[in-house]
Amino acid sequence: MAPTLLLGIDGATFTVLDPYMQRGVMPFLRDLTARGVRAPLRTIMPPLTPPAWTSLMTGKRPGRHGVFDFFQKESADSEYYAFTTSQDVRSATIWSLASAHGRRVISLNFPMMFPPPAVDGAVVPGGWMPWRQLRLGCHPPGLFDRLKRLPSFDPRELALDMELEAKAIEGCPDDEYADWIRLHSRREERWFEILRHLMTADEPAELVAIMFDGVDKLQHLCWRFIDPACRPDRPSPWEQEMIDLCEGYFRRLDALLAAAVELAGEDATVVVASDHGFGPTRDLFHLNSWLEQQGYLAWNDAADGAGEQPRIGFAEMTRHVHELDWDRTVAYAATPTSQGINIVSDDRRDALRTELADALRQVRNPATGRPLVTDVLTRDEAFPGPYRDLAPDLFLALADGAAVSIVRSDALWQRRPHPNGNHDWQGVFLAAGPHIRAGVRLDELSIVDVAPLLLYSLDVPIPGDLDGRLPVAAIVPERLRTRPPVAAPAVWEPAPAASDVTYDPEEEATILNRLRALGYVE
Amino acid sequence: MTADPRILADVLAMVDELAGDWEYDGEITPDTFFLADMGLESLDLVVLGTMVQQRYGRLPFAEYLAEIGGRPVEERDITVAELVAFIGERHAGVGVGEA
């Protein structure tokens, strides 16, 4: 069977790709568009990497797959948050479904893949997978040691290094931008070299998937150098250098996408998709401070501020636990990324939802005079499904790409001097292949429609409980007539994790002897 | 020292193997601090907790991290022995490698 190749581009938007395609910076994507199908791809709420890629991988919305954020409430009523992992994905995925039907899988750099699922094939997880522990995320056993022998293999640049990641989150001095951009070009190369190795040295895989995430990271920090509408009219020499470096990144990415398609062969079905779109952002809304002003939240003045450690980790996960006065708090935001408010009081939950939603709709952006909050949804409205109680009680959509901050601030609203990039609703979808129509532009598709298309391409039955529908307008009619999609019963299965790292008795005995010698064990 | 020696050996074996990948060449003992000595980021500890729970079953790791996160900044760290003691006290009698 010819492979189905999924090329994920985190945060890709036609706002950026179209000008690069038109100017010849991304000729491969331009040609792929001409010989295939193109559509804007509507993401889920919140437009955030973990839930959005999980929706792409499951064909379901968050209320029905259970992933809402980078961090996840321990239980519906808990104020404690845990790191969201593959074990929180409460649905079959394209990986598990393909593998269950005898299709080999290669999955590289996708989030929510740690601990790695026990698929037939190879998994190297992405997302917030720290480089020091990448070994634990690789499947099958022995893969990490194989990859270590590749000349290009460098876990520190391949996976997450919080020292480097902090730059995208907190910004960085001007003299570090160039290295930051170049790092992501190298990082994409390193992921591609793993793909090349697995596609040429291993037995063929039917579902081959790789995600390039530098687009998201560059767009956060460098939006003003990437989006033609935001570029400076008369760039300084330094600004021009950054514009050129960003363009170089996209040029190289285009070449890697082309090389991946060439490896897959001319009979491959190629799907390019992003998890969400991107747009400019200047405004920051201090949500917890607004809740305080409205009388719903009180700070614990005795708390030793977690804000002194801005890097992501347990301080970030537990900030609210210590910084809030729980006797006087009835509503709070636990993470900025969830764009959500949790309500503490069970007795007044419904009334508080209504009160808060009404009050939030009155908030105005002081710079524009327009509403800052464009929509407020209850979790029942935003996340229907069996896992909605793990989501915040209220979800906010903010105007003009504004971002939420949860830290304590005297100002409720802040405007940045330069536009940064932030996630928005409309990502990209491109597809091409022997069974995909050529030169067709479709109206907006949903991110949950991608999984049914991938399963159809793999000749795997499509479970009946997906939120997504097979985008039949993308498929050659003759193919649909001769190979109609096969429906399957709804499947629920917990994603089984691959066996964890085990240590043989001899190794444990050696360590015990060492500890005895040191006096730690009697 | 009350740590379960088998859990201690198991955790040390895991950390030893990982440390080889990040070229940490110091000796890792029960008194070694994950952040201050081994140079881990706190997210490393969060992810290590995922692996520990896969091995020993569900633990109140989020509460444990919250307790650490509530300490003064300079004390937000744990030793190998402290992690082992936490696992030993909280895991529900699941044997090593049986989770």
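**Figure 1. The domains of chain A.** The domain assignment divides chain A into domain 1 (4–276 + 425–488) and domain 2 (282–418); such bounds come from an automatic or database domain assignment. This is a predicted model, in which local features need pLDDT of at least 70 and side-chain atom pairs count only at pLDDT 80 or more, while totals for chains, interfaces and linings use all residues. Residues are numbered from 1 along each chain as its sequence is written, and chains are lettered from A and ligands numbered from 1 in the order in which they are written. Between the C-alpha centres of domain 1 and domain 2 of chain A the distance is 29 Å.

**Figure 2. Where domain 1 of chain A touches domain 2 of chain A.** Here 22 residues of domain 1 of chain A are in contact with 22 residues of domain 2 of chain A (contact: C-beta atoms, placed from the backbone, within 7 Å). On the domain 1 side, at least two residues each come from α4 (62–65), β3 (71–73) and α9 (162–170) of chain A. Helices (H or I, at least four residues) and strands (E, at least two) are DSSP runs, numbered from the N terminus. By class, the residues on this side of domain 1 of chain A are 11 nonpolar, three polar and eight charged. Nonpolar covers Ala, Val, Leu, Ile, Met, Phe, Trp, Tyr, Cys and Pro; charged covers Asp, Glu, Lys and Arg; the others, Gly among them, are polar.

**Figure 3. Helix α17 (residues 450–457) of chain A.** This helix is largely enclosed by the rest of the structure, because eight of its eight residues are buried (20 or more other C-beta atoms within 10 Å of the residue's own, C-beta atoms being placed from the backbone). Among the buried residues are V450(A), P452(A), L454(A) and Y456(A). Their cover includes β1 (4–9), α3 (49–58), α5 (94–100), β8 (269–273) and β19 (462–463) of chain A. Just after α17(A), D459(A) has a positive phi of about 60°.

**Figure 4. Packing of α11 (residues 214–226) and α12 (residues 237–264) of chain A.** The axes of these two helices lie 10 Å apart, at an angle of about 145°. Axes are lines fitted to C-alpha atoms, for helices over the stretch in contact, and angles run from 0 to 180 degrees between N-to-C directions. In the contact, α11(A) contributes G214(A), L218(A), C222(A), F225(A) and I226(A), and α12(A) contributes E239(A), M242(A), I243(A), C246(A) and Y249(A). Eight nonpolar, one polar and one charged residues make up this contact of α11(A) with α12(A).

**Figure 5. The helices of chain B.** Chain B has four helices and zero strands. Of its 99 residues, 46% count as buried.

Notes: A residue is buried if 20 or more other C-beta atoms lie within 10 Å of its own, exposed if 12 or fewer, and partly exposed in between; C-beta atoms are placed from the backbone. Two residues are in contact if their C-beta atoms, placed from the backbone, lie within 7 Å.
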